[in-house]
Amino acid sequence: MESFEFLFSNLTLFDIIDILLVAVLIYLFFNLIKGTIAVNIFIGLICVYLVYLMVKSLNMQLLTNMFDKVAGVGVIALIIVFQQEIRRFLLLIGKNLKGNRNRSWFKYFFNKTELREAQLAQLRPILEACKNMKKNRIGALIVIAKDFEEQVYFNNGEEINAEVSKRLLEAIFSKTSPLHDGAVIISENKIKSASCILPLTDNTELPAQMGLRHRAGIGITENTDAVAIIVSEETGEIAYTKQGKVRANISLAELERYLNKDLN
């Protein structure tokens, strides 16, 4: 009991802040890898570390030396293993800082009502196209990116670079269109490219009914700051993904709310 009192009596304000920051970083890291294959890797690393502690306590020199050699390059190995998660973490920080900066500039020049009306006008063609595709059960994958990185999105798709319109989106995803397979990339209120092949997610906890279109939509949002809209060809249901998290079977009103919130 006295040892605990001694420990807490020596805690300073900076020690408390230090502990809270470490806790926040651990929480953010776990939130990023939750539901992905990286969780299994993380658990494996913990098991290896526990074995290392056991071997060291038993004074097994050969195994201890081997683990020490591996630990010498441990930081580099962790960066390689968790490359995607680290990239997503840094992207999340940069996106929030940039987003806050952009919002402050817009609020300086325009009022909130004008901003909301302008954004709704940009989203209306997408929402109307999704409404018709949902009704007619036309499969679609629409990725909306704040910053268009050609090397990330334009893999082997077809360059479009046209204004966003309801009819154009419906024509691209029509079953008779040669571009209906793959994703449409929208950025800066333009359809940049179509029929793009996107990276699939490694998430092993997705429901069986989510096919390649859903996995591609989730995969691209795991690695970028984009959001994705998926319309199921089998059921007509609309799903929405952001940062690798999927919201299935949402209404058009919910879709509009999510887009307004995330693209603001």
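**Exercise 1. How many bridges join β2 to β4, and do these strands run parallel or antiparallel?**

Before we start: this is a predicted model, where local features need pLDDT of at least 70, side-chain atom pairs count only at pLDDT 80 or more, and totals for chains, interfaces and linings use all residues. Residues are numbered from 1 along each chain as its sequence is written, and side-chain values use heavy atoms, with hydrogens and water left out.

*Solution.* 

Step 1. Strands (E, at least two residues) and helices (H or I, at least four residues) are DSSP runs, numbered from the N terminus. Two strands pair if DSSP finds at least two bridges between them.

Step 2. Now look at β2 and β4: 4 bridges join them, and they run antiparallel.

Step 3. Pick out one pair. A162 has I191 in β4 as its bridge partner.

Step 4. Check the turn. The hairpin of β3 and β4 has 2 residues between the strands, and E188 takes a positive phi near 55° there.

**Exercise 2. Work out the strand order of the open sheet and find its edges.**

*Solution.* 

Step 1. Walk across the sheet. Its 7 strands come in the order β2-β4-β3-β1-β5-β6-β7, and the pairing is mixed.

Step 2. Look at the ends. β2 (158–163) and β7 (245–250) each have a single partner strand, so one side of each has no neighbour in the sheet.

Step 3. Axes are lines fitted to C-alpha atoms, for helices over the stretch in contact, and angles run from 0 to 180 degrees between N-to-C directions.

Step 4. Zoom in on one pair. Strands β5 (residues 227–231) and β6 (residues 238–242) run antiparallel and are joined by 5 bridges. V231 stands opposite I238 in β6.

Step 5. Helix α10 (residues 212–223) lies across β1 (140–145), β5, β6 and β7, and runs at about 175° to β5.

**Exercise 3. Is T241 buried or exposed, and which residues does it touch?**

*Solution.* 

Step 1. Apply the cut-offs. Buried means under 20% relative accessible area, exposed over 50%, and partly exposed in between (1.4 Å probe, protein chains only). T241 has 0% relative accessibility, so it counts as buried.

Step 2. List the contacts, which means heavy atoms within 4.5 Å. Leaving aside neighbours within four places in sequence, T241 is in contact with G217, I218, T221, V227, A228, I230 and V246.

Step 3. Look at the side chain of T241: one of its polar atoms lies 3.2 Å from the backbone oxygen of G217.

**Exercise 4. Which residues of α11 are buried, and what does D262 contact?**

*Solution.* 

Step 1. Name the buried ones: L255, Y258, L259 and D262.

Step 2. See where they point. They cover an arc of only 95° around the axis, which puts them on the same side of α11. The arc is that of the directions from the helix axis to the C-beta atoms.

Step 3. Focus on D262, which lies in helix α11 (residues 252–262). Its relative accessible area is 11%, so D262 is buried.

Step 4. Find its partners. Neighbours within four places in sequence aside, D262 is in contact with K146, V227, Y240 and K242. The side chains of D262 and Y240 make a polar contact (2.6 Å). That term covers a pair of N or O atoms within 3.5 Å; within protein, one must be able to donate a hydrogen and the other to accept it, and residues adjacent in sequence count only if both atoms are side-chain atoms.

**Exercise 5. Which residues are buried in helix α9?**

*Solution.* 

Step 1. In α9 (residues 166–173), they are L169, I172 and F173.

Step 2. Seen down the axis of α9, these buried residues fall within an arc of 85°, so they line one face of the helix.
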